[in-house]
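Thanks for coming. Please have the structure open while I talk.

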Amino acid sequence: MKLMHVDASPKRERSSSRALARYFLDRLGEHMPLEIDYLDLALVPPPHVTEAFAIATYTPEENRTQAMRDILAPSDALCRRLLAADALLFAMPMYNFSIPSAFKAFIDQIVRTNVTYKVGPDGRYVGQLARQKTLFITTRGADLRPGAAFESYDALTPSLSAAFGFIGVANPWFVDAQPLQFADQEARDAALRRARTELDSVASAWANEESVAA
Ligand SMILES: Cc1cc2nc3c(=O)[nH]c(=O)nc-3n(C[C@H](O)[C@H](O)[C@H](O)COP(=O)(O)O)c2cc1C
């Protein structure tokens with residue numbers, strides 16, 4: 001399986017999202033050979049949208065100048081990497097109840113007209129990443145599970161669902177590890193155990209789907 005793995009935490013060895021992503025890949029790798037295309041957004045931050053990018057991206061391809069093509073080149077390259085993958089793994093911390101800014105910049109580079117989504121003759125938007133199995137691993141300091149104090153604050157899951165739904169990722173998997181910071185040690189350990197159990201299940205589900213498709 002060709003899998004694109006994107007880490008977004010600025011933390012390195014101390015990062016829980018990075019550790020959980022590695023855990024998942026180890027489990028998945030027990031079921032099938034993996035060809036991993038790795039992107040570390042802390043080391044290679046995607047460019048932010050500029051005025052030139054905003055104009056270039058909505059200029060029809062045949063009318064683009066060389067300067068416009070150049071400004072879109074990093075985004076084109078990221079889109080190619082996503083489209084070439086069979087599966088996508090995105091790991092990130094929750095920051096201020098939403099997406100960390102590096103990952104938001106990444107999203108702004110990969111949601112592209114006529115590349116990752118197309119508009120059909122009937123005016124319907126057709127996302128191009130419908131083929132890719134997709135897993136989001138998110139780590140949260142607080143507890144935002146149903147019934148917990150911060151339940152209503154989760155702006156991360158809807159943002160990811162909307163942006164990736166638009167480019168064709170209809171039913172992604174989410175494994176949300178919480179609470180990992182603003183809780184006692186016992187609760188943090190339990191949160192990591194729950195996340196690992198869920199990741200075991202996702203790895204098995206992906207392996208089963210692959211064997212059925214083969
Ligand atoms: C700038 C910043 C903002 C944060 N905002 C939130 C937040 O809104 N809600 C939350 O539950 N945790 C928040 N946290 C805690 C992190 O989400 C948590 O520690 C997570 O486990 C970090 O993942 P990582 O170790 O992969 O970086 C924040 C942490 C930082 C540094």
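**Ligand site and one arginine**

Start at the ligand, with Thr139: one of its polar side-chain atoms lies 2.8 Å from a ligand oxygen atom. Keep in mind throughout that this is a predicted model.

In Gln181, an N or O atom of the side chain is 2.5 Å from an oxygen atom of the ligand. With Met94, the backbone is involved: a backbone N or O atom lies 2.7 Å from a ligand oxygen. As for cover, the ligand on its own has 650 Å² of accessible area, and the protein covers 80% of that.

Now the surroundings. Which residues are closest to the ligand? They are Ser9, Ser15, Ser17, Phe97 and Gln181, out of 19 residues that surround the ligand. Sorted by class, this shell holds 8 nonpolar, 8 polar and 3 charged residues. The space that the ligand takes up is the largest pocket.

Next, the arginine. Arg140 sits in the loop that runs between β6, residues 133-139, and α5, residues 156-166. Is Arg140 buried or exposed? Its relative accessibility is 2%, and buried means under 20%, so Arg140 counts as buried.

Methods:
Residues numbered from 1 in each chain as written. Predicted model: local features only at pLDDT ≥ 70, side-chain atom pairs only at ≥ 80, totals over all residues. Heavy atoms only, no water. Near = heavy atom within 4 Å. Polar contact = N/O pair within 3.5 Å; in protein donor to acceptor, adjacent residues only side chain to side chain. Areas by Shrake-Rupley, 256 points an atom, 1.4 Å probe, with all protein chains shown as cover. 1 Å grid on protein atoms, 1.4 Å probe; cavity = no way out; pocket = protein on both sides within 12 Å on 5 of 7 lines; lining within 4 Å. Sits in = over half its atoms within 2 Å of the grid points. Nonpolar A, V, L, I, M, F, W, Y, C, P; charged D, E, K, R; others polar. Helix = DSSP H or I, 4+ residues; strand = E, 2+ residues; numbered from the N terminus. Buried < 20%, exposed > 50% of the residue type's maximum accessible area, 1.4 Å probe, protein only.
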